[in-house]
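Subject: Structure handover

Hi there,

Here is the structure I promised to pass along. Please have it open while you read, as my notes follow below.

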Amino acid sequence: MGVDDLKAKIRDVPDFPEPGIVFKDIMPLLADPSSLSESLDLLAEWVQPRKPDVILGAEARGFILGAALAYKLGCGFVAARRPGKLPWKTVSATYALEYGENSLELHADAIADGQRVLVHDDVLATGGTARAICDLAAQLGGEIVGVAFVIELDFLEGRKQLEGYYAYSLIHY
C-alpha cells in the first residue's frame, strides 16, 4: 500500500464547515484497518528518530492517531483541547483558521521543562492551529522536535507558519 492508496481513502465533503470549503475527511481512512495501520507505520517511521517524550495531539482528530503514535513509540500523550474542556489550570492561544478563528488550551503542567514534544494534527491548512500548539508547548518549556500531519493543503501555504520546525505530511493536496 502506498500514499496514493491512502489518498484514495480521504473523502471530500464540499461546503463544510462553511460554503466554499472542501473538508478533507480522514474517517474512511481510519475505518479501513490496512489504511490505518499503514498511516501509523509511516508517521511512526518519521517520528521515531526524533525521540519524542510526548505526542501533543490537536482536538479532535489529532487525538486519534496522536494517541496511537504515542502508544506505538512508547511515549506519553497530551491533548490540546477547545476552551472549557480541560478540568485543571490551563494556558491558551487563539489563532486564525482558513475560515475564522479558534482557541486551544493545554493543562499548565502538561509539558515539563525540556520535554521533547512532537505535535500531531490531521490536517495542515493555514498553519494557525499547529503554530499555536507549538507556541503553547514552548511556553511551558517543551522542545518541539517535529510537527506531523496526515494531510497538507499545500495551496494554503501553512508550512510557512512552521518555519524553524521539522514538518512532515503523509498526503499532499
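Which residue forms a salt bridge with D25? The partner is R11, and the closest N and O atoms of the pair are 2.9 Å apart. By salt bridge I mean a side-chain nitrogen of Lys or Arg within 4 Å of a carboxyl oxygen of Asp or Glu.

Before going further, a word on the source: this is a predicted model, in which local features need pLDDT of at least 70 and side-chain atom pairs count only at pLDDT 80 or more, while totals for chains, interfaces and linings use all residues. Residues are numbered from 1 along each chain as its sequence is written, and side-chain values use heavy atoms, with hydrogens and water left out.

**Salt bridges**

The count comes to nine salt bridges, and I will walk you through some of them. Back to the pair above: R11 sits in strand β1 (residues 11–14) and D25 in strand β2 (residues 22–25), so the contact ties together parts that are 14 residues apart in sequence. (Helices, H or I of at least four residues, and strands, E of at least two, are DSSP runs numbered from the N terminus.) D25 is buried, with a relative accessible area of 11%, whereas R11 is partly exposed at 44%. Here buried means under 20% relative accessible area, exposed means over 50%, and partly exposed is in between, using a 1.4 Å probe and protein chains only.

Another of the bridges joins R61 and D122, with the closest N and O atoms 2.5 Å apart. Since R61 belongs to helix α4 (residues 61–73) and D122 to strand β7 (residues 116–124), this pair ties together parts that are 61 residues apart in sequence. D122 is buried at 4% relative accessible area, and R61 is partly exposed at 27%.

E157 and K160 also meet in a salt bridge, at 3.1 Å from N to O. E157 is partly exposed, with 45% relative accessibility, while K160 is exposed at 53%.

**Cysteines**

How many disulfides are there? The count is zero, taking a disulfide as a pair of cysteine sulfur atoms within 2.5 Å. For C75, the nearest cysteine sulfur is that of C134, 15 Å away. C75 is buried, with a relative accessible area of 17%, and C134 is buried at 0%.

Best wishes
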